[in-house]
Amino acid sequence: MNRQNWIKKAVVISLSATLGAGAVLTVAPATPVEAASVSKGSQVVNFGKQYMGTPYKFGASTSTTKVFDCSSFMKHIFGKYGVNLPRTAANQSTMGKAVSKANLKAGDLVFFSSGSRANGKNVTHVGVYMGSGKFLHTYGKPGVTISNLNSGTWKNTYLKARRVL
C-alpha cells in the first residue's frame, strides 16, 4: 500500500472511531497541487539569465557558450525550447509575428539599430523581452546583461519586436 492510500485509510479509521461505527464518510481522491504555470517566454528568459556576465564577442560561434554575440545568444536560449532562429539579428527580425511595444510579453524578441553599423533603420542588435520594461541581451563590456528598454540608447534605437513562441 502506498503512503497516500495508507494516510487516507488512517484518516477514515480515525474519523470513523470519532464519529461512531455507524457513520459513513466519503473521502474524495487527493489531487496533486500543481506548480504555477510559467510561460515558455519566461522559461527562455530564466534559462538565459544563467549566462549573466558571459563575455560578448562579435561574430561568436553558435557552437560555444563561453562567449556570445547578441544573435548567437538568442539562437542558443531559444533553441533549448525548440525555436530554431537564424544566425543574424537582421534575419531573426523576420521570424514570427510582429508585436507592438505596448503588447510585449516575456520571450518576445526586441530589435534595435545601434552601434557602428546602425543607420536608424537596419537591425543591428537583438535581445529578449523580460517584462516590466527590461530585456536580456549581450553587448560590449558587460557581456550578457539586463537593460531598460525605455531609457537611454535602447529607447532611442528601438525598432520593433517579434513573437516567435
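Me: Before anything else, what counts as helices and strands here?
Reply: Helices are DSSP runs of H or I with at least four residues, and strands are DSSP runs of E with at least two; both are numbered from the N terminus. Please note that the model is predicted.

Me: Which pattern does the protein chain follow along the sequence?
Reply: Along the sequence, the pattern of the protein chain is α-α-α-α-β-β-β-β-β-α-β. The secondary structure comes to 5 helices and 6 strands.

Me: What do the strands form?
Reply: The 6 strands form an open sheet with antiparallel pairing, and their order in the sheet is β1-β6-β2-β3-β4-β5. From one strand to the next, the twist averages 35°.

Me: Which are the edge strands?
Reply: They are β1, residues 97–99, and β5, residues 143–148, each of which pairs on one side only.

Me: And how many bridges are there between β4 and β5?
Reply: Strand β4, residues 134–139, pairs with β5 over 6 bridges, in the antiparallel sense. Within this pairing, Thr-145 of β5 stands opposite His-137.

Me: Let us move to β2. Which residues on its faces are buried?
Reply: Leu-109 and Phe-111 are buried on one side of β2, and Val-110 and Phe-112 are buried on the other, which leaves both faces covered.

Me: How many bridges join β2 to β3?
Reply: There are 4 bridges between β2 and β3, and the two strands run antiparallel. Phe-111 has Val-126 in β3 as its bridge partner.

Me: What about β2 and β6, how many bridges there?
Reply: β2 pairs with strand β6, residues 158–163, over 4 bridges, also in the antiparallel sense. For Leu-109, the bridge partner in β6 is Arg-162.

Me: Changing topic to helices: which strands does α2 lie across?
Reply: Helix α2, residues 40–49, lies across β3, β4 and β5, and it runs at about 115° to β3. Helix α3, residues 70–79, lies across β2, β3, β4 and β5, running at about 45° to β3.

Me: How is a pair of packed helices described?
Reply: Such a pair is described by the angle between the two axes and by the distance between them. For α2 and α3, the axes come within 9 Å and cross at roughly 120°.

Me: Which residues make the contact?
Reply: On α2 they are Val-44, Phe-47 and Gly-48, and on α3 they are Phe-73, His-76, Ile-77 and Phe-78. By class, this contact has 5 nonpolar and 2 polar residues, with no charged residues.

Me: One more residue: where is Ile-146 found?
Reply: Ile-146 is in strand β5. The relative accessible area of Ile-146 is 34%, so this residue is partly exposed.

Me: Which residues is Ile-146 in contact with, neighbours within four places aside?
Reply: Ile-146 is in contact with Met-52, Met-130, Lys-134, Phe-135 and Leu-136. Ile-146 and Met-52 are 94 residues apart along the chain, and their C-alpha atoms are separated by 8.3 Å.

Me: Finally, what share of the protein chain do buried residues make up?
Reply: Buried residues make up 35% of the 165 residues. Among contacts with a separation of 6 or more, 52% are between residues 24 or more positions apart.

Terms used: Residues are numbered from 1 along each chain as its sequence is written. This is a predicted model: local features need pLDDT of at least 70, side-chain atom pairs count only at pLDDT 80 or more; totals for chains, interfaces and linings use all residues. Side-chain values use heavy atoms; hydrogens and water are left out. Two strands pair if DSSP finds at least two bridges between them. Axes are lines fitted to C-alpha atoms, for helices over the stretch in contact, and angles run from 0 to 180 degrees between N-to-C directions. Contact means heavy atoms within 4.5 Å. Ala, Val, Leu, Ile, Met, Phe, Trp, Tyr, Cys and Pro count as nonpolar, Asp, Glu, Lys and Arg as charged, and the others, Gly among them, as polar. Buried means under 20% relative accessible area, exposed over 50%, partly exposed in between (1.4 Å probe, protein chains only).
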